[in-house]
Amino acid sequence: MQTRVVFNQKGGVGKSTISTNLAAISAKRGLKTLLVDLDAQCNSTHYAGIDITDDTRTVADMFKQTVGWFSKALTAKDFIQPTAFDHLFVMPAAPALADIERELESRYKMFKLRDTLKELETQFDRIYIDTPPNFNFYSKAALIAADSFLIPFDCDDFSAQAIERLLDNVMELKSDHNPDLVCEGIIINQFNAQANLPKQLVASLIEKGLPVLKNHLSASVKVRESHSQRKPLAFFAPSHKLSQQFGLLFDELER
Ligand SMILES: Nc1ncnc2c1ncn2[C@@H]1O[C@H](COP(=O)(O)OP(=O)(O)OP(=O)(O)O)[C@@H](O)[C@H]1O
Ligand SMILES: [Mg+2]
């Protein structure tokens with residue numbers, strides 16, 4: 001089992017789009033894949049086609065159980081939902097994640113996600129974790145639980161500045177709590193090869209010695225269409241250029 005977390009504390013850079021689409025490709029390639037959504041916005045849960053009702057057990061319930069707010073003892077697999085897509089499963093997020101964060105943090109529950117995912121070691125081939133746009137309790141729990149992390153970059157000047165701060169934060173967490181955590185690289189998202197600024201920004205990341213992944217993702221309206229259809233690109237538009245780019249990126253990570 002390989003567990004990857006997609007993280008950037010900057011909002012709107014493509015975390016949910018990338019984690020859901022990489023998970024979908026992984027599933028399409030026949031790997032039993034779990035998408036864990038740790039963001040109270042529930043974007044990747046929604047994108048993967050999962051509806052949250054009062055009866056849905058979510059990752060918030062998993063965390064609640066660790067502080068004894070949940071009477072029945074459930075195991076990791078009880079918090080997982082199948083999707084309409086073969087081999088793709090979701091541990092859904094819930095808006096309640098926002099309400100319980102302080103309590104979880106004050107009770108040092110940051111390691112509980114790692115313990116939960118460990119229970120699934122023989123049941124899944126790949127796990128992708130989507131994170132909120134903050135270096136908060138949930139993104140830290142994800143980085144502690146993961147084998148590696150990916151950083152989406154949206155070709156914006158502010159993002160370039162934020163990456164170094166992000167790496168400092170993650171490296172500190174790595175040395176304190178997860179020494180084996182690997183940085184797999186920066187994913188260039190919404191890349192426009194015709195414009196100068198994105199090329200300059202990417203070049204400056206490379207000059208700084210930052211690990212930029214070779215396969216970039218273009219901007220395309222297909223992303224919004226696939227969100228609104230609640231179908232990841234590998235299923236919604238498999239032959240589209242962006243779907244192909246996601247496939248190449250997946251291969252680059254898996255090689
Ligand atoms: N390659 C792309 N082409 C076009 N639009 C994109 C692309 N990637 C992301 N977007 C759009 O950018 C917006 C932000 O994407 P997404 O929700 O994946 O980012 P995020 O980092 O998860 O955001 P948040 O920090 O709020 O969780 C969405 O409206 C999405 O449709
Ligand atoms: Mg998101």
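A: Let's begin with a word on residue classes: Ala, Val, Leu, Ile, Met, Phe, Trp, Tyr, Cys and Pro count as nonpolar, Asp, Glu, Lys and Arg as charged, and the others, Gly among them, as polar. Sorted this way, the shell around ligand 1 holds four nonpolar, eleven polar and three charged residues. Please keep in mind that this is a predicted model.

Now to the place itself. Ligand 1 sits in the largest pocket. Two elements, α1 (15-28) and α9 (221-229), each give two or more residues to the shell around the ligand. There are 18 residues around ligand 1, and those that come nearest are Gly 12, Lys 15, Ser 16, Thr 17 and Ser 218.

Next, you can look at some individual atom pairs. At Ser 218, a polar backbone atom is 2.9 Å from a nitrogen atom of ligand 1. Side chains take part as well: an N or O atom in the side chain of Gln 41 is 3.2 Å from an oxygen atom of the ligand, and a polar side-chain atom of Arg 224 lies 3.3 Å from an oxygen atom of ligand 1. As for cover, ligand 1 on its own has 620 Å² of accessible area, and the protein covers 85% of it.

From here, let's move to the loop between α8 (196-207) and α9, where you will find Ser 220. Asn 215 has its place in the loop between α8 and α9 too. Asn 215 counts as buried because its relative accessible area is 18%, under the 20% cut-off. Ser 220 has a relative accessible area of 23%, so this residue is partly exposed. The side chain of Asn 215 also has a partner: a polar contact of 2.7 Å joins it to the side chain of Glu 252.

Finally, a step further away. Ser 220 and Ile 144 are 76 residues apart in sequence, and their C-alpha atoms are 33 Å apart in space. Ile 144 is one of the buried residues of α6, and others among them are Phe 137, Tyr 138 and Leu 143. This helix, residues 137-145, is mostly covered, with eight of its nine residues buried.

Key: Residues numbered from 1 in each chain as written. Chains lettered and ligands numbered in written order. Predicted model: local features only at pLDDT ≥ 70, side-chain atom pairs only at ≥ 80, totals over all residues. Heavy atoms only, no water. Near = heavy atom within 4 Å. Polar contact = N/O pair within 3.5 Å; in protein donor to acceptor, adjacent residues only side chain to side chain. Areas by Shrake-Rupley, 256 points an atom, 1.4 Å probe, with all protein chains shown as cover. 1 Å grid on protein atoms, 1.4 Å probe; cavity = no way out; pocket = protein on both sides within 12 Å on 5 of 7 lines; lining within 4 Å. Sits in = over half its atoms within 2 Å of the grid points. Helix = DSSP H or I, 4+ residues; strand = E, 2+ residues; numbered from the N terminus. Buried < 20%, exposed > 50% of the residue type's maximum accessible area, 1.4 Å probe, protein only.
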